[in-house]
Amino acid sequence: MRGLRVAACGQMARLLIFLLALPALLRAADWPVTSVDGRDYVPLASVATFYGMGAPARSGAKIFAASGGGKSLQVEVDSREAIIDGVRHWLSFPARLANGAPAVSTVDLRRTIDPALRPDKVAGLRPVRTVVLDAGHGGHDNGARSPYGSEKEFTLDTVRRLRKKLEAAGLRVVVTRNSDTFIELENRPRVANRIPGAIFVSIHYNSADWKPAANGLETYAISPLGAPPSGQDVVMARDRETEAGHALEPVNFTLANTVHHALMGRLPNADRGVKRARFVVLKDAAVPAILIEGGFLTNPTEARRVADPKWREAYAAAIAAGILEYKRLAEQGVKPREKADW
Ligand SMILES: [Zn+2]
C-alpha cells in the first residue's frame with residue numbers, strides 16, 4: 001500500500017475495510033475515504049489516476065471529466081448520472097463534493113465504475129452454454145401498445161429473430177415462451193435456473209403515456225444490495241433484502257454493460273443507460289440475467305421503428321453481437337468491444 005496517506009485513525013480503519021473488500025484494487029496508491037451522507041466516498045481524481053486516465057480534463061465544482069488510456073469517465077456532482085467509456089450509467093448514489101472535491105461512493109466504484117472499466121477483471125464470469133430468451137408479456141398480458149401492435153407481439157418476434165442468430169453462432173437457445181401465452185414472472189427465470197451454463201435475457205419494449213417524447217434504449221441489471229434502483233431516490237427496506245440475483249451482481253452488470261455497448265454502437269436509438277432494478281426476473285435469476293427495453297411504443301419515432309421488421313432484425317443482431325462479446329469475455333478474457341468500436 002505504498003503512498004498511503006490517511007489522516008485519522010477512524011479513516012484508516014474504514015480505508016482498510018474498503019481495501020480488504022476490494023482485493024483487485026489493493027495496489028491503489030491513495031484512496032482517502034470520506035463519509036458523506038453516512039456513506040464512504042472516494043475522490044474522483046484518485047479514481048481517474050488509478051485507472052490511468054490522468055488529470056481530469058474538467059474538474060469544476062459540478063462536472064468531473066477525465067479520459068486517457070482508452071478509458072473515460074464523466075460524473076456530475078449531486079447527480080447519479082455518469083458516462084463511462086461513452087455510454088450512460090446510473091450510479092447507486094449521487095456523486096458528491098467531499099472536502100471540496102468531486103467524489104463517488106465506494107459502492108459505485110466497486111459495483112459500476114470498476115466492472116465497467118475493467119470487465120476482464122470481474123470475478124465469477126463463466127462459460128456461456130445456453131441463452132434463455134424471455135419474450136416479455138403474452139396471453140392476456142399485452143404489455144405496452146403502439147398504433148401498430150402490442151409489446152407482447154414485438155417481444156416474441158424479436159426473440160425469434162435473436163434465437164436464429166444465436167443458434168447460427170453455435171449457441172443453444174431455450175425460450176420461456178414461443179407462442180402467445182401468459183407466463184407468471186416467477187416462472188421465467190426458473191427456466192434458466194435449471195440449466196447449467198445459462199444466461200437469461202428478457203426482452204421488453206417501453207412506454208410512457210404521459211410523456212410521448214421519452215425515447216431510447218435501456219438495459220437493466222439487478223441493483224446492488226442495499227442500493228436503490230435507478231429512479232428511486234431513497235433506500236427502502238426491500239433494497240436490503242438479498243435475492244438470488246445478488247450472488248452474481250457484478251456479472252449481471254457486466255453482461256448488461258457489454259450488451260448495452262453493442263446496442264449503442266450499432267443502433268440509432270438514444271442512450272438511456274445501463275440501469276438497475278429489482279424486477280422479479282432479475283431478482284430470482286440464479287444465472288447472469290438482464291432485461292432490455294428496446295425503445296418506447298409511446299414515442300412516434302420508436303413505435304414506427306419497432307413496427308418495422310428491418311429494425312427488429314437489426315436490433316436482434318445488435319443484442320446477439322453483445323451476447324457474443326460477453327461470451328468471449330467470459331471464456332477467453334477478451335475485453336468486449338465498446339460503443340465506439342462498432
Ligand atoms: Zn414490458
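**Notes on the zinc site and ring contacts**

1. His204 is buried, with a relative accessible area of 11% (buried means under 20%, exposed over 50%, partly exposed in between, with a 1.4 Å probe and protein chains only). Please keep in mind that this is a predicted model, in which local features need pLDDT of at least 70, side-chain atom pairs count only at pLDDT 80 or more, and totals for chains, interfaces and linings use all residues. Residues are numbered from 1 along each chain as its sequence is written, and side-chain values use heavy atoms, leaving out hydrogens and water.

2. The ND1 atom of His204 coordinates the zinc ion, together with His137 (NE2) and Glu151 (OE), at 2.1 Å. Donors here are N, O and S atoms within 2.8 Å of the metal (3.2 Å for Na, K and Ca); water is not among the atoms, so sites may look incomplete. The spacing of the donor residues in sequence is H-x13-E-x52-H.

3. Glu151 belongs to helix 4 (residues 151-168) and His204 to strand 14 (residues 198-206), so this pair ties together parts 53 residues apart in sequence. Helices (H or I, at least four residues) and strands (E, at least two) are DSSP runs, numbered from the N terminus. Glu151 is buried too, with a relative accessible area of 3%.

4. The whole structure holds six aromatic pairs (rings of Phe, Tyr and Trp, the last by its six-membered ring, with centres within 6.5 Å; planes under 30 degrees apart are stacked, over 60 edge-to-face, the rest tilted). One of them is Phe154 with Tyr205, edge-to-face at 6.4 Å centre to centre and 80 degrees between the planes. This pair links helix 4 and strand 14, its residues being 51 apart.
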